[in-house]
Amino acid sequence: MKRKHTKFEKSRIIGARSLQISMGAPPLIEVEEHIIDPVDIAILEFDKGVSPITVYGRNKDD
Amino acid sequence: MAQKDTINALIRRGVDEDTATKLAEKNYLLGDIQSASKKELIKELGKKKGEDVYKKVSKGKKKKKSRTKKKKDKKKKTKKELKELEIPDKIAPLGDIAKKLIEICDEKGHELPRKTIQDAADKIKEIELPEEDYELMLDLIMDRFESRRVDPMESVGIVGAQSIGEPGTQMTMKTFHYAGVAEVNVTQGLPRMIEVVDARKVPSTPMMEVHLIEEFKHDREKAKRLASDLEVTNLIDVADVEIDMADKEVVIKPDMKKLKSSNIEIEHIMDQLKGVRGIKGDVEKSGKTLKIVLPEDEKKYASLHETIELAKGTKIKGLDGINRAIIRDTGEEFIIYTEGSNLKEALQMELVNIENSSSNSPVEIYNVLGVEGSRNSIIKEALDTLNEQGLEVDVRHIMLVADMMTNEGDIKAIGRHGISGKKTSVLARAAFEITSTHLLRAAIVGEVDKLEGVTENIIVGQPITQGTGAIEVKYMPKKPEA
């Protein structure tokens, strides 16, 4: 069974991803024109499961 | 010189001088003779004398005898106690319903603790839930269970500290009378909380709650008997003690009513008085009074006064440390509350229910019953003091505190001498108290700080190892699907 991300992992992933987006990285999903906040875009990516950021280290088994 | 000492020692033990000299001249020391076997002595001295010396001097046999006797006595005692004690299984076996629930859990991939399942099974039995609803029930339980879980790396310590500390500011600072029980003074509020958390050896108001065994739960007479057996009764409580100036004796006139109500025999008082060190002279009984007759050369006023004071304070019955015992009728059963506590001895008494009698001192419970008991006691005492003040704190915060205090196998106080003082990190200790001493000592010894805790990392200026700070993240783009 795949474990859900904890709230800390989620915010860390979104944080890292939104930094990339804010500095010009291309979003991996279609984003509506009125959404301009990089954090919002990162959240959308996370919710769709396409975020390229993964957690590693002692909390994750993989 | 050594020979002379040996001879003297042997003579003192009743060996005649000739034999003693003989032995000493052969360069035997007292110890050798004491530990020598009968055969060796007979060889050395001839049959008759050898046996004689062995009888008088030898240590081995005599000591052994007394030792085995003591052991036997002890064994007898423990055997008797064990008979009444039934050692429970560590965990209760699962019932049929619980087994079924576990099956469903396995099927659905739910992970629930055994206790939760057991509780659920008990509830099912109580409300007679039909079997087809088990699954729904488990789903609901699982939902709740998940939502109450704490994420890994959550700062439970800080949350707990705040959750206990904030309501703690509203606690009273005084000792109050216990509401339910007449005239028992109990430390409450903040001082009590500090006491519990400090793992004080003896609380300022030690108390015991003693339950009667199942059979006599409703028996007022038995409760009264037990209470009077627990409470310390001194001679002065049940008798008039006076000095007879004419005969220069101490006269004890027991109050027969009091004796009867506390179930004490005059002979028992006599025995007790005879056992007191410092009371010289004989205890004599004449009719319903007792007399302490001092030896002829001690018949002075000073020694009379000394004796009377000793006699007054002589403990006739009861357990040491228990000053008062009060019976309380809860409607369901009689419970005895005591002022002062002596759990170890109370639990050995016949009428006491071992299972639910307890003391209010976690340290005492640790000494008598072990860590797990003291952990539960800490939780109970802390929660009770908070609830008494009308403050509601989630158990889990208090459980965390109790776990921190007991997880190393003994009780550790929170504070300088306990947990905070034993942190592995120098920087964390330095941040707590006496900074320079800690740093200096660490420098001299050459300690290494691995920067694993929160405090250290804050001092150094790094993200802390909790919450988001504990998570490491990697950029791993997925390959576009073909």
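This is a predicted model: local features need pLDDT of at least 70, side-chain atom pairs count only at pLDDT 80 or more; totals for chains, interfaces and linings use all residues.
View 1. Residues are numbered from 1 along each chain as its sequence is written, while chains are lettered from A and ligands numbered from 1 in the order in which they are written. In α2(B), residues 17–25, the buried residues are Thr19(B), Ala20(B), Leu23(B) and Ala24(B). Looking down the helix axis, these buried residues fall within an arc of 130 degrees, so they line one face of α2(B). (The arc is that of the directions from the helix axis to the C-beta atoms.) Turned away from that buried side are the exposed residues Glu17(B), Asp18(B) and Glu25(B). (Buried takes 20 or more other C-beta atoms within 10 Å of a residue's own, exposed 12 or fewer, and partly exposed is in between, with C-beta atoms placed from the backbone.)

**View 2. Where α7(B) crosses α9(B).** Helix α7(B), residues 96–108, packs against α9(B), residues 134–147, at about 70 degrees, with the axes 10 Å apart. (Axes are lines fitted to C-alpha atoms, for helices over the stretch in contact, and angles between N-to-C directions run from 0 to 180 degrees.) The two helices are therefore roughly perpendicular, a label for angles of 65 to 115 degrees. Lys100(B), Leu101(B), Ile104(B) and Cys105(B) of α7(B) meet Tyr134(B), Glu135(B) and Leu138(B) of α9(B). Sorted by type, the residues of this contact are five nonpolar, no polar and two charged. (Nonpolar covers Ala, Val, Leu, Ile, Met, Phe, Trp, Tyr, Cys and Pro; charged covers Asp, Glu, Lys and Arg; the others, Gly among them, are polar.)

**View 3. Two loop residues with positive phi.** Met153(B) sits in the loop between α9 and α10 (156–168) of chain B. Its phi is positive, about 75 degrees, although Met153(B) is not a glycine. Met153(B) is buried, with 20 other C-beta atoms within 10 Å. Leu451(B) lies in the loop between α22 (435–445) and α23 (454–460) of chain B, and its phi is positive too, near 50 degrees. Leu451(B) counts as partly exposed, with 16 C-beta neighbours inside 10 Å.

Key
Helices (H or I, at least four residues) and strands (E, at least two) are DSSP runs, numbered from the N terminus. Angles under 35 degrees count as roughly parallel, over 145 as roughly antiparallel, 65 to 115 as roughly perpendicular and the rest as oblique. Two residues are in contact if their C-beta atoms, placed from the backbone, lie within 7 Å.
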